[in-house]
Amino acid sequence: MLNPGDKAPSFELPDADMHIIKSSQFLGNQNLVIYFYPKDDTTGCTIEALELSDLMDEFSAMETQVIGISRDNCVSHAAFRDKHGLTVQLLADTDGEACNDYDVWREKEKNGEKRMGILRSTFIIDKTGIIRETLYDVKPKGHAAQVLEMVKKLT
């Protein structure tokens with residue numbers, strides 16, 4: 001597991017419009033909120049993405065970029081974004097490299113059946129690339145407001 005004080009793992013992933021986004025482009029300029037979520041257009045993931053999108057102006061005012069990462073592809077991300085009018089940036093980690101680097105690819109159990117999946121998690125990273133907060137196994141409802149309060153402490 002990653003902990004506050006750790007250097008954030010770098011990534012280079014495509015967004016919903018197939019533009020490559022590199023974590024290094026934010027260094028020195030913006031804080032990052034990276035949230036990992038299981039699947040586009042599912043109930044919990046939609047709640048989380050909508051709540052974060054609703055607070056984007058406040059995050060932007062604090063020089064903070066919000067990025068959602070799942071293993072869905074770019075086409076799925078674009079459909080999810082467009083269907084719900086999301087303003088968070090969604091990145092496709094189809095090979096699971098970022099999920100592994102951030103230690104969110106975990107064995108999960110549901111209805112007695114074990115399978116691998118993304119543990120819903122959020123990382124708050126300062127402008128120098130250091131993780132300030134790690135939130136594993138979060139609940140979607142109200143999470144965006146909680147994250148915003150944590151980001152306020154960075155400034």
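Met18 is exposed, with a relative accessible area of 57%. The model is a predicted one. Met18 sits in the loop that joins strand E1 (12-14) to strand E2 (20-22). Its phi is near 65°, a positive value in a residue other than glycine.

Asp137 also has a positive phi, of about 55°, and is not a glycine. Its place is the loop between strand E9 (131-136) and H5. Asp137 is partly exposed, with a relative accessible area of 48%.

| Residue | Phi | Relative accessible area |
|---|---|---|
| Met18 | near 65° | 57% |
| Asp137 | about 55° | 48% |

Now to the inside of the protein. In soluble globular proteins, nonpolar side chains tend to be buried together. Here the largest nonpolar core holds 24 residues. Which of them touch the most other members? They are Tyr35, Phe59, Val66 and Val88. Strand E3 (31-36), helix H1 (43-54), helix H2 (56-61) and helix H5 (143-152) each supply at least two residues of this core. H5 gives the most, with five residues.

A separate core has 22 residues, including Ile67, Leu91, Ala98 and Cys99.

Setting aside neighbours within four places in sequence, Tyr35 is in contact with Glu48, Ala49 and Leu52, among others. Its list of contacts also includes Val66, Ile67, Gly68 and Ile69. Val88, Leu90, Ser121 and Thr122 are on that list too. Of these contacts, Val66 and Val88 are named with Tyr35 among the core residues that touch the most other members.

Note on methods
Residues numbered from 1 in each chain as written. Predicted model: local features only at pLDDT ≥ 70, side-chain atom pairs only at ≥ 80, totals over all residues. Heavy atoms only, no water. Core = buried A, V, L, I, M, F, W, Y, C linked by side-chain atoms within 4.5 Å. Buried < 20%, exposed > 50% of the residue type's maximum accessible area, 1.4 Å probe, protein only. Helix = DSSP H or I, 4+ residues; strand = E, 2+ residues; numbered from the N terminus. Contact = heavy atoms within 4.5 Å.
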